[in-house]
There are 2 protein chains.
Amino acid sequence: MSPAAIKRLLIGKPFPSSAASHERLDKVRGLAIFASDPISSNAYATEAIMMVLIALGTMALALTMPIALAVIALVALVVFSYTQTILHYPQGGGAYIVAKDNLGTLPALAAGAALLGDYALTVSVSVSAGMRALVSAVPELFEHRVLMALVTILILTLINLRGVRESGNVFAAPTYAFIAGVGLVIVIGLLRYYELLGIPPLPPHPVYVPATASLAGIGLVWLVLRAFAAGCTALTGIEAISDGVAAFQRPSARNAATTMIVMGVLAMTLFAGISFLATHMNLVPEPAESILSQMTRGVTTDLPGGRLLYGWVQLFTMLILVLAANTGYQDFPRLSFFMARDGFMPRWMMNRGDRLVFSSGIVVLALVASALVVVFHGDEIAMLPLYAIGVMMSFTISQTGMVRLWHRIGAIPTGGRVRTQYTVLRSETGLGWKRAVNATGAAVTGVVLLVLAATKFREGAWIVVLAIPLLITMFRAINRHYDHVRRSLRTADLAPTDMREVADVVIVPIADVHRGSLRALKYARRISSDVRAVSIVTDPALKPKILERWNRFPDITEGLKLELIDYEFRDIVDPLIAYIDRVNNVEFPSQLVTVVVPEFVPQSLAENLLHNQTANLIRLRLRSQPDVVVIDVPYHLYERRPAVGRKAGQSPTSGGDPGHTDT
Amino acid sequence: MSPAAIKRLLIGKPFPSSAASHERLDKVRGLAIFASDPISSNAYATEAIMMVLIALGTMALALTMPIALAVIALVALVVFSYTQTILHYPQGGGAYIVAKDNLGTLPALAAGAALLGDYALTVSVSVSAGMRALVSAVPELFEHRVLMALVTILILTLINLRGVRESGNVFAAPTYAFIAGVGLVIVIGLLRYYELLGIPPLPPHPVYVPATASLAGIGLVWLVLRAFAAGCTALTGIEAISDGVAAFQRPSARNAATTMIVMGVLAMTLFAGISFLATHMNLVPEPAESILSQMTRGVTTDLPGGRLLYGWVQLFTMLILVLAANTGYQDFPRLSFFMARDGFMPRWMMNRGDRLVFSSGIVVLALVASALVVVFHGDEIAMLPLYAIGVMMSFTISQTGMVRLWHRIGAIPTGGRVRTQYTVLRSETGLGWKRAVNATGAAVTGVVLLVLAATKFREGAWIVVLAIPLLITMFRAINRHYDHVRRSLRTADLAPTDMREVADVVIVPIADVHRGSLRALKYARRISSDVRAVSIVTDPALKPKILERWNRFPDITEGLKLELIDYEFRDIVDPLIAYIDRVNNVEFPSQLVTVVVPEFVPQSLAENLLHNQTANLIRLRLRSQPDVVVIDVPYHLYERRPAVGRKAGQSPTSGGDPGHTDT
């Protein structure tokens with residue numbers, strides 16, 4: 001099967017460019033798609049808080065609930081901020097665009113770097129957590145979790161390369177099924193905890209874990225800050241809607257904003273419920289079983305039908321996590337496209353593939369996410385510090401951008417409007433409190449960012465602290481390069497003298513006189529009156545043979561120069577390049593010099609390995625010469641020769657000299 | 001540091017071809033160099049026999065000595081055979097050449113395959129055994145033996161790439177030091193065993209190992225055969241002299257033959273002595289300490305100065321083994337050269353490198369030997385079955401060839417002579433008994449070969465049984481290919497009509513009109529009156545822009561055709577190739593069609609990654625078209641433009657349209 005056929009099988013037939021459609025989402029499906037990421041955070045956010053607190057033993061877990069409430073307050077602040085962003089950037093307003101529009105290039109690149117990393121982590125964290133949901137239910141699979149995660153990423157990649165319509169109903173199901181399942185478990189759990197409706201009370205779960213650190217050694221404030229920072233992973237994915245406003249049905253900004261609020265309320269309700277029950281059921285984090293799984297198991301499995309509900313929750317936890325991973329496949333290529341359009345990422349990130357998706361972005365994302373899964377052994381809790389730092393950084397930048405936006409709107413006269421690169425701004429009221437909310441949001445997320453960077457530095461945050469400046473440097477280098485290319489190629493200031501003249505000289509490196517080199521010489525004499533065949537002679541005994549054959553074909557060789565250059569070493573490329581250099585720089589300076597390279601083309605790559613790679617080496621070396629034009633005259637070793645009309649497989653009559661096969 | 005500078009540092013400055021010298025070896029140094037391989041076999045040959053017998057417990061080890069004597073008889077037979085070969089093939093007569101001269105191509109290729117494998121195994125077995133000598137003395141290094149073996153191979157490779165004079169005195173020392181050291185140990189051991197000269201008798205060494213198999217289950221004959229076959233590893237390396245006759249001082253054949261006999265006697269004396277003592281000292285094979293080490297330790301360490309002698313033997317065991325490995329570096333590239341000269345191996349195996357050695361052969365050998373060390377975890381005993389099979393196969397073929405040679409010599413009239421491809425044969429006497437000896441030798445080594453293949457099949461012999469036919473198939477395929485190339489290129493039957501005409505048409509694929517494509521168009525109009533710029537338009541909105549820019553440069557574009565081809569998909573290479581195909585096959589069948597590809601050349605590889613690889617893709621696709629000549633017109637992105645004289649780094653004035661960067 002050819003590579004092209006395999007591609008067709010995996011990806012499907014190419015779509016014509018006109019097939020690009022813009023199907024739009026209603027709120028129900030929009031919620032399902034965009035909410036999968038933040039809502040799925042419930043699979044690990046509570047656990048992340050408890051993992052920090054457990055250092056002081058089971059008693060400290062009582063702090064989980066107050067910390068969760070603080071996180072919820074922060075979510076409310078961020079959700080408000082983003083509804084404002086959505087209303088002002090109806091074409092899509094991720095942190096990169098808001099920063100670019102309000103704060104300038106550097107903050108925008110910082111936000112872009114943070115978000116690209118986050119989208120990759122969305123994939124690796126969500127897929128790893130999804131595998132953990134599966135492994136919690138089927139412990140035998142624990143040792144295969146990395147491989148399973150990689151296979152899941154591969155499948156997601158293929159699906160996205162084929163092109164998924166974001167609106168597929170199949171995507172709506174797991175989100176709602178997860179919300180329903182976990183919601184039901186929380187309700188039952190609360191009823192059992194308060195011993196209402198006559199359901200049997202929760203079974204006792206007395207686990208005691210001793211402290212591994214002393215309070216004196218850590219400091220209570222520090223511990224609470226770290227736990228709070230860890231809990232902020234619940235905020236991941238909130239910003240996705242702001243980038244995808246254009247995907248909603250009209251009025252898209254309004255619908256997106258409403259969806260955002262509903263999403264925030266749903267996610268935080270589940271978060272509060274899980275945190276409450278996990279604390280009051282005395283659950284303790286364990287490596288092989290997630291807190292959510294422990295809680296669901298404790299609430300349900302001793303009830304009739306409880307095992308079914310447990311299975312339901314685990315199944316849809318896994319599916320919503322995979323779905324959340326899939327949002328990375330929407331966000332990463334889209335942001336890459338924006339940044340490539342602005343010249344900060346490689347241009348090919350803008351190319352739509354056979355199925356009209358940004359294939360390059362999808363492939364790059366898959367590689368980065370797979371690498372993360374391998375490096376972190378599929379342990380999503382270990383990846384969370386990286387994830388949360390990026391999220392907080394983009395929040396801080398985005399909200400700072402919004403504060404600046406309010407200033408700019410404040411400067412617009414009533415009823416006036418200002419067009420920016422990304423949106424149209426109109427005057428509005430209530431600027432004071434809106435600005436206050438965003439300033440508070442920026443301040444709080446900024447503080448969380450610093451706390452995360454400080455508390456999690458050794459646990460992986462250093463990677464982000466290192467990577468973001470590196471990425472920014474790369475973005476700027478790419479930008480400089482494209483800028484230079486644009487200036488190098490521009491025709492506006494092109495003067496007639498700018499164009500190099502073509503020198504009337506053609507150099508033909510030959511190893512011997514044979515059908516291949518004769519073909520090249522014939523071509524060369526057609527385009528120039530000064531053709532020089534150059535042969536590097538490493539064995540003087542061969543000279544007369546070459547001359548004899550040269551003189552046998554006067555039709556082709558008459559009037560051409562044959563330069564035989566003696567050489568004491570065996571690497572013939574050096575003297576050849578030296579000869580070409582001399583012709584180019586001494587004889588014809590500032591003109592284009594032409595080199596005709598006769599080249600065999602064997603039938604297969606394996607056959608190619610049997611020949612010296614002289615032609616390839618010459619071409620490679622000549623690439624660095626700005627004024628050398630290279631002509632490849634191919635000679636296919638298995639082509640039928642026209643005049644003789646001999647059938648393939650028949651042997652020609654014997655006799656005569658074989659040519660060398662060196663070139 | 002550039003790759004070229006690193007190469008200079010590791011390999012040294014290139015030598016001119018005239019520096020190839022032909023220093024010749026006297027017998028003393030010849031023995032040291034060629035004998036290192038067979039004599040070093042004593043480091044493991046006795047042990048190989050004992051490893052088989054130990055399956056029946058310590059009692060069975062008593063069979064070691066009789067089996068060793070049988071091996072010695074076989075060695076005598078083989079040595080006689082090879083002295084005859086040497087006398088008749090003074091230019092070198094390895095099994096490959098003897099078979100090619102007397103038996104034909106297929107047996108020669110079989111011998112070549114067996115020997116190439118053996119030479120690789122010479123390196124991997126000897127280096128591994130050398131590491132074991134070291135590890136026997138310094139047990140802490142046991143776990144690093146594979147790494148140490150690989151580093152040793154790397155060092156040997158670099159030394160050989162630099163080019164060693166075979167005659168270096170430094171190579172003579174370890175061989176003679178080993179012979180002296182082991183000889184002294186054997187003498188002391190025998191004196192102590194027979195309680196002569198008043199030296200204290202050998203300390204008792206009562207070890208009892210129970211049988212792990214029953215005699216009924218194995219069969220005594222089978223066991224003895226297997227042990228005998230295992231002991232035949234003592235024969236490895238004997239044939240090396242026959243290939244290197246030309247390296248000896250004149251009369252080279254005589255000197256080589258004498259050296260061969262001395263070598264055989266020395267090697268077999270040591271073998272007999274080691275086997276005798278190992279049996280009578282009741283030694284038992286152990287994984288971490290070799291029999292030779294155990295024997296030396298037992299004989300010497302309780303005597304004054306004994307520890308010194310023990311260290312001496314271990315040191316020179318290691319060194320002679322490394323030296324034996326080095327013989328592989330002489331033999332493998334030399335045989336590869338012979339086979340490449342006959343067209344059975346890639347031509348580049350014949351190329352001499354910067355230092356006049358066959359660099360390709362050395363590198364291929366190093367890779368194969370390293371792979372063997374890794375696969376077998378540096379356990380030379382496990383590699384021995386493969387090694388011995390190849391040796392026996394080449395012996396059998398070589399001696400069969402000699403039998404045939406005696407027939408041919410018998411047919412020469414007295415005083416007459418016959419010139420073959422490889423040697424000159426004269427009539428001689430005593431053909432009857434010489435033929436009988438070689439026939440016996442061929443029969444015995446043939447039987448040993450079958451026994452080895454049968455008894456060691458599952459222990460690795462299957463690899464050889466599989467590899468040799470595969471290698472032969474490869475040699476023949478390579479030969480067919482070169483044959484075809486020779487016939488494709490021969491000029492003897494070249495008719496004027498055989499040469500394709502060059503069509504007066506040039507196709508220039510362009511993405512846009514910019515400095516790069518204008519340069520290509522200017523070049524194209526110089527060589528043809530029918531220039532067609534072809535642009536694949538994926539977005540109709542861009543058409544007027546291209547046209548506007550096209551018309552702005554009438555100096556260059558006037559009289560050229562501009563073909564704008566609308567395309568509904570994004571992969572623009574397909575329609576471009578289709579257009580070229582049509583011009584080539586419909587408009588100008590059986591003529592050479594020219595395609596001029598404008599190409600940016602960015603400064604670095606990293607920058608290259610930022611551009612679409614359209615030019616490369618086009619070139620790659622056009623390679624499969626026999627009648628398409630490709631012209632690369634480079635445009636270096638950072639070249640200074642001559643007319644404007646602007647300094648590098650200064651920004652040009654702004655304005656005008658940037659070109660695309662797609663091509």
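Reader: Okay, V630(A): which residue does it stand opposite in β7(B)?

Author: That's D632(B). Keep in mind that this is a predicted model.

Reader: Noted. And I631(A), what's its bridge partner in β7(B)?

Author: I631(B).

Reader: How many bridges join β7 of chain A to β7(B), and are they parallel or antiparallel?

Author: There are 3 bridges between strand β7 (residues 628–636) of chain A and β7(B), and the two run antiparallel.

Reader: Is β7(B) mostly covered or mostly open?

Author: Mostly covered, with 8 of its 9 residues buried.

Reader: What does β7(B) do with β6(B)?

Author: Those two run parallel, joined by 9 bridges. As an example, F600(B) has Y635(B) as its bridge partner in β7(B).

Reader: Let's zoom out. What's the strand order in the whole sheet?

Author: Reading across, you get β5(A)-β4(A)-β3(A)-β6(A)-β7(A)-β7(B)-β6(B)-β3(B)-β4(B)-β5(B). That makes 10 strands in an open sheet, with mixed pairing.

Reader: Which strands stand at the edges?

Author: β5 (561–566) of chain A and β5 (561–566) of chain B. Each has a single partner strand, so one side of each has no neighbour in the sheet.

Reader: How many degrees does the twist average from one strand to the next?

Author: 25 degrees.

Reader: Why call β3 of chain A largely enclosed?

Author: Because 7 of the 9 residues of strand β3 (residues 501–509) of chain A are buried, the rest of the structure largely encloses it.

Reader: And over in chain B, how do β3 and β6(B) run, parallel or antiparallel?

Author: Parallel: 4 bridges join strand β3 (residues 501–509) of chain B to β6(B). V506(B) has T594(B) as its bridge partner there.

Reader: Which helix lies across those strands?

Author: Helix α24 (residues 614–622) of chain B lies across β3, β6 and β7 of chain B. Its direction is at about 155 degrees to β6(B).

Reader: What is L564(A) in contact with?

Author: Leaving aside neighbours within four places in sequence, its contacts are S535(A), V537(A), K543(A) and I546(A). For S535(A), 29 residues away along the chain, the C-alpha separation is 5.0 Å.

Reader: Switching to the dimer itself. What rotation superposes chain B on chain A?

Author: A rotation of 180 degrees, with 0.1 Å of shift along its axis and an RMSD of 0.2 Å. That's the relation of a two-fold axis.

Reader: Which residue of chain B comes closest to the rotation axis?

Author: I631(B), whose C-alpha is at 2.1 Å. Remember that I631(B) is also the bridge partner of I631(A).

Reader: How many residues does each chain put into the contact?

Author: 76 from chain B and 76 from chain A. On chain B, the elements that give two or more residues are α18 (461–489), α19 (515–527), β6 (591–601) and β7 (628–636). The chain B side divides into 34 nonpolar, 20 polar and 22 charged residues.

Reader: Why say the copies meet through the same surface?

Author: Because 100% of the interface residues of chain B are interface residues in chain A too.

Reader: How is chain A divided into domains?

Author: Into domain 1 (25–479) and domain 2 (497–636). Their C-alpha centres lie 62 Å apart.

Reader: Last one: Y96(B). Where is it found, and is it buried or exposed?

Author: Y96(B) is in helix α5 (residues 95–102) of chain B. It counts as buried, with 29 C-beta neighbours inside 10 Å. Beyond its neighbours within four places in sequence, its contacts include A108(B), L115(B), F338(B) and G112(B). The C-alpha atoms of Y96(B) and G112(B) are separated by 5.2 Å, though they sit 16 residues apart along the chain.

Note on methods. Residues are numbered from 1 along each chain as its sequence is written. Chains are lettered from A and ligands numbered from 1 in the order in which they are written. This is a predicted model: local features need pLDDT of at least 70, side-chain atom pairs count only at pLDDT 80 or more; totals for chains, interfaces and linings use all residues. Two residues are in contact if their C-beta atoms, placed from the backbone, lie within 7 Å. Ala, Val, Leu, Ile, Met, Phe, Trp, Tyr, Cys and Pro count as nonpolar, Asp, Glu, Lys and Arg as charged, and the others, Gly among them, as polar. Two strands pair if DSSP finds at least two bridges between them. Domain bounds come from an automatic or database domain assignment. Copies are superposed by least squares on the C-alpha atoms of residues with pLDDT of at least 70 in both. Axes are lines fitted to C-alpha atoms, for helices over the stretch in contact, and angles run from 0 to 180 degrees between N-to-C directions. A residue is buried if 20 or more other C-beta atoms lie within 10 Å of its own, exposed if 12 or fewer, and partly exposed in between; C-beta atoms are placed from the backbone.
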